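Colleague: I have not seen this one before. Could you put it up and take me through it?
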Amino acid sequence: MGTIAKEVPSNDITKGFRVYSIARKIFIYCLSAFIVIVTIFFATSRSPNKSMFGFRYYVVLTDSMVPEFSSGDMVFVKLSDAKDINNGDIITFNPSSSSDAYLTHRVTEKITDYQGTGVTCFKTKGDANNSEDSFLIDESRVIGKVKFHVPKLGAIVRFVQLRWYFILPLIVLLFVFFKMMKYYFDLKAKNNNSNVNNTVITESENNG
């Protein structure tokens with residue numbers, strides 16, 4: 001008589017392994033991309049003047065622009081001329097020549113040809129503040145307009161910059177974890193195949 005093989009159900013193992021494989025690939029790709037970007041674009045320099053493709057990045061340190069964005073977020077600023085900035089735009093600027101600090105507030109008024117000087121100035125205000133900033137910003141102090149922001153990316157980048165020695169052990173532990181998971185699923189699959197083979201042999205002997 002023919003040999004009948006009763007396959008041990010493996011749907012749970014197969015589904016689990018597929019989910020694990022997809023999650024592992026996504027994680028590795030995302031982590032690799034993040035490490036490359038942070039290393040090249042962020043962590044290698046703390047200079048606020050660092051730019052790429054006409055953009056500069058700044059970490060938000062206060063909540064003066066809530067709910068637009070909050071502390072720990074990262075804003076990406078497109079270098080812009082004063083003529084391209086209008087009321088309602090969010091701009092990043094240096095409020096004082098004696099400081100390296102930068103602010104990111106919304107333009108409430110654009111003043112062209114300020115007091116006949118030919119200079120364009122801006123009044124600004126944080127969305128969460130009750131009043132406008134007490135100073136005018138002339139066009140030479142304006143970096144550009146905020147085009148987009150990424151929530152909490154700034155906090156992550158600052159952590160990488162200040163605590164970089166934690167990152168490598170964390171990455172190693174994560175890769176060890178995924179290796180152990182792969183070993184676990186490989187072992188489950190091996191045991192499943194072994195059970196199938198034993199079932200085939202048993203059926204063959206019973207039908208012999």
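Colleague: Is Gln-115 buried or exposed?
Modeller: Gln-115 is exposed, at 67% relative accessibility; exposed means over 50%, buried under 20%, and partly exposed in between, with a 1.4 Å probe and protein chains only. This is a predicted model, where local features need pLDDT of at least 70, side-chain atom pairs count only at pLDDT 80 or more, and totals for chains, interfaces and linings use all residues. Residues are numbered from 1 along each chain as its sequence is written, and side-chain values use heavy atoms, leaving out hydrogens and water.
Colleague: Where does Gln-115 lie?
Modeller: In the loop between strand E5 (103-111) and strand E6 (121-125). Helices (H or I, at least four residues) and strands (E, at least two) are DSSP runs, numbered from the N terminus. Gln-115 has a positive phi, near 50 degrees, and is not a glycine.
Colleague: And what is the phi of Lys-152?
Modeller: About 65 degrees, so positive in a residue that is not a glycine. Lys-152 sits in the loop between strand E8 (142-150) and helix H2 (153-162), and Lys-152 is partly exposed at 43% relative accessible area.
Colleague: Change of topic. Which peptide bond is cis?
Modeller: The one from Val-66 to Pro-67, with omega near 10 degrees. Pro-67 is in the loop between strand E2 (55-59) and strand E3 (74-79).
Colleague: Last one: where is Met-180, and is Met-180 buried or exposed?
Modeller: Met-180 is in helix H3 (residues 167-206) and is exposed, at 56% relative accessible area.
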